[in-house]
Amino acid sequence: MDLSLSDEQKQLQEQAERFVRDKYAFDARRKIAATERGWLPENWAQFAELGWLGMSFSEEDGGYGGGPIETMIVMEQFGKGLVLEPFLPTVVLGGGMIARSGSKAQKEALLAPMIEGKKQFALAWLERQSRYNLADVSLKATKEGAGWSLSGHKGVVYNAASADHIIVLARTAGSAREPKGLTLFIVDGKAKGLSRRDYPTQDALRASELTFDKVSVGADAVLGKVDEGFAVVEDGVDRAIVALCAEATGCMDAINAATLEYIKTRKQFGVPIGKFQVLQHRMVDCFTNAQEARSMTLMASLKIDDKDPVVRAKAASGAKVQIGKSGKFCGQSAVQMHGGMGVTDELSVSHYFKRLTMIDLMFGNQQHHLTRYSNLAMAA
Amino acid sequence: MDLALKPEHKAFADEVRDFARKNLSPATREKTFSGKHFDRDDHVVWQQALGRQGWLAYTWPKKYGGPGWGVTERFLFENVLAEEGAPRIIPFGVKMVGPVIYTFGNDEQKERFLPGIRSSEVSWCQGYSEPGAGSDLANLRTRAVREGDHYIVNGQKTWTSYAHWGDWIFCLVRTNTEAKAQEGISFLLIDMKTPGVTVRPIIMLDGAHAVNDVFLDNVKVPVANLIGKENEGWTCAKFLLANERLGIAEVPASKRGVGMLRAIATDSLRDDPSMAEKIADVDLQVQALEMSELRALSTMALGGAPGPEVSTLKVRGSEIQQRIAELAMEAVGEYAAPYQPGMLFHDTNETPVGPDHAPPAAPRYFNMRKTSIYGGSTEIQKNIVSKMVLGL
């Protein structure tokens with residue numbers, strides 16, 4: 001067992017820290033959030049140049065041979081800076097799913113340019129009624145000559161407006177909530193019959209509602225096998241969850257650091273408020289929560305490449321439960337200890353709090369993953 | 001002892017309900033149930049209607065123009081209005097400064113200020129907190145120096161709710177810098193139109209504008225606007241805070257919240273059966289809080305003042321409001337993510353991205369974090385209880 005970072009991984013960490021320090025000061029972030037895209041192409045180009053877009057892919061796929069630990073390192077720093085560039089939807093979800101399930105042609109056409117920074121992706125899985133159930137899909141794909149025709153609706157699709165290609169989870173067979181009979185399609189972001197309603201999210205990201213009205217795709221648009229998309233999307237989402245957990249640990253570190261600084265400097269009753277035991281203990285609980293979050297994230301990052309899908313699923317759900325719990329505790333505590341300042345838009349604290357809250361809701365909240373973990377553990 | 005209502009109380013509740021249905025604008029009511037923010041008119045039009053009925057100052061004794069209701073009437077009044085979707089009565093006039101004026105003010109002040117408060121013709125805001133005086137309120141620095149018939153006031157107040165709508169502000173100011181912190185404070189009424197008063201908005205984490213900084217720069221205030229004696233304002237301040245802590249638990253709104261929660265959670269129950277029990281748990285907390293509040297009110301009805309134990313009501317009341325907001329967001333799930341400020345703050349034709357109840361869910365959860373901070377933070381309330389009630 002060895003839990004230390006390699007020299008290359010340490011360099012990557014320093015590089016990511018430097019990026020956040022240079023490009024993601026709080027006011028700079030506010031400006032980026034207010035741009036039309038909601039992220040900066042020059043930052044994306046820098047990610048490509050630094051090799052971050054390819055770091056977690058194998059050399060055969062044109063990457064640099066890293067894995068989930070590299071993703072964890074970078075995502076954690078992104079969490080510290082509340083970075084807005086669509087790394088999660090494009091690289092972790094889209095790129096990851098194509099790398100694991102894509103054909104040779106798909107990898108050449110999509111993955112290679114993504115690593116160069118020339119293509120972005122989005123994953124459209126959620127529908128109005130589906131809540132956190134990945135199998136609750138009613139968007140229909142029907143055979144149309146050699147290809148397929150897609151009709152239906154997808155919701156809260158992060159990065160859809162910037163995505164060159166949208167990976168769509170569609171029903172090709174089976175009933176509404178059945179895992180069998182789901183197929184993934186890679187659809188051009190500008191396909192005919194695809195319309196978008198774009199909006200910002202609570203945490204300053206961008207997402208869209210998508211309507212598919214007889215969107216035609218070729219047979220080569222299928223990612224993986226027809227009717228067997230569920231396992232692919234479940235695995236892809238589990239990996240995204242682990243990356244998201246890493247982002248959350250970065251958020252927690254940052255929000256805890258800001259709070260610690262505040263209670264050391266804010267004076268009431270003639271002393272820094274950090275002198276009051278009730279706040280000291282709460283701050284200690286924040287620190288402990290962040291430690292637990294980091295531990296579960298690391299464990300999940302180390303298990304997410306396991307051959308056994310149950311091991312992977314339990315690792316992702318276990319970490320997500322912890323992140324939900326710790327994120328809520330650190331977020332709420334930070335706001336409380338900042339007093340009125342904590343609920344203003346002016347300080348970064350509320351922005352970390354909002355991001356941590358949204359992370360809990362993404363891909364299933366604490367309760368959802370507790371149930372999922374429990375079911376998996378009971379079945380073993 | 002009896003929990004059941006007498007026939008005359010049932011008739012009273014019907015009268016209140018009837019009044020609300022006739023006088024509350026459908027647009028305002030709709031905002032309550034859709035979680036939109038109220039604008040100034042929503043509040044003022046409704047409060048003036050209550051004022052004309054003689055019900056706005058419903059906690060006041062008859063002597064000062066109130067209806068002189070007992071505990072049961074007040075309880076019914078608040079609950080029926082909440083059920084009917086009425087906006088909460090902005091407390092700064094009728095709940096806060098009004099009672100201070102009729103308790104500590106002179107006859108001339110009562111005549112001058114109480115009618116405008118009762119009718120909601122005049123809007124009030126509260127000048128308590130300062131950048132350096134939050135939890136440690138007695139540390140306030142806003143200075144009032146007497147010059148003949150006037151005080152010259154300099155300083156900054158903050159977290160001032162509705163200062164941008166306010167006609168008048170009641171302020172705690174320091175009139176003696178030599179005395180112990182609490183002893184050099186006075187309670188002063190300031191016309192917001194006086195030269196030197198500037199209001200700067202503070203935008204909250206959900207994008208809402210309700211609170212403000214208020215800057216006081218050489219503001220000339222007549223000595224006639226001093227309530228009580230100079231340097232004895234802390235007595236008024238404490239009296240007001242005890243009243244504030246009682247109403248701030250927002251029990252009727254939380255009861256309505258539990259009902260709304262059950263309605264919106266139906267969709268999520270299929271995937272999360274634990275939601276039903278989480279709602280039941282907060283429902284029971286609301287009942288415990290309501291009964292505790294009623295017990296406190298009936299003690300007051302027998303002539304007692306609200307004691308320091310009301311702090312526990314404020315603590316629990318804020319936790320409950322936060323929990324309800326949290327569960328509402330949880331019930332919505334990922335559709336809580338779209339941010340639609342237009343739907344929260346403006347009258348637009350925008351349609352919700354997700355379910356109808358989704359747009360306010362997350363902003364409300366964020367915003368409700370303030371309830372354990374304002375009106376004396378949870379930490380301060382617990383200090384009060386441990387010291388004043390438990391003698392620790």
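In the hairpin formed by β6(A) and β7(A), five residues lie between the strands, and Ala204(A) adopts a positive phi near 70 degrees. The model is predicted, so local features need pLDDT of at least 70 and side-chain atom pairs count only at pLDDT 80 or more, while totals for chains, interfaces and linings use all residues. Residues are numbered from 1 along each chain as its sequence is written, and chains are lettered from A and ligands numbered from 1 in the order in which they are written.

**The hairpin of chain A**
- Strand β6 (residues 194-200) and strand β7 (residues 206-217) of chain A run antiparallel and are joined by seven bridges; strands pair if DSSP finds at least two bridges between them.
- Arg196(A) stands opposite Leu210(A) in β7(A).
- Strands (E, at least two residues) and helices (H or I, at least four) are DSSP runs, numbered from the N terminus.

**Nonpolar cores**
- A nonpolar core is a set of buried Ala, Val, Leu, Ile, Met, Phe, Trp, Tyr and Cys residues joined through C-beta atoms within 7 Å.
- The largest such core has 154 residues, of which Ala124(A), Leu150(A), Ile167(A), Val168(A), Phe185(A) and Val187(A) touch the most other members.
- Helix α7 (residues 229-265) of chain A gives the most to this core, namely 17 residues.
- Another core, of 62 residues, lies apart from it and includes Ile117(B), Leu140(B), Leu189(B) and Ala253(B).
- Beyond its neighbours within four places in sequence, Leu150(A) has contacts that include Leu139(A), Val168(A), Phe185(A) and Val217(A); a contact requires C-beta atoms, placed from the backbone, within 7 Å.

**Chain B**
- Chain B has 13 helices and eight strands.
- Buried residues make up 48% of its 392 residues; a residue is buried if 20 or more other C-beta atoms lie within 10 Å of its own, exposed if 12 or fewer, and partly exposed in between, with C-beta atoms placed from the backbone.
- Ala263(B) lies in helix α8 (residues 251-269) of chain B, and it counts as exposed because it has 11 C-beta neighbours inside 10 Å.

**Contact between the chains**
- The contact takes 32 residues from chain B and 34 residues from chain A.
- On the side of chain B that touches chain A, β6 (197-203) and α12 (361-367) of chain B are the elements that give two or more residues.

Methods: Contact = placed C-beta atoms within 7 Å.
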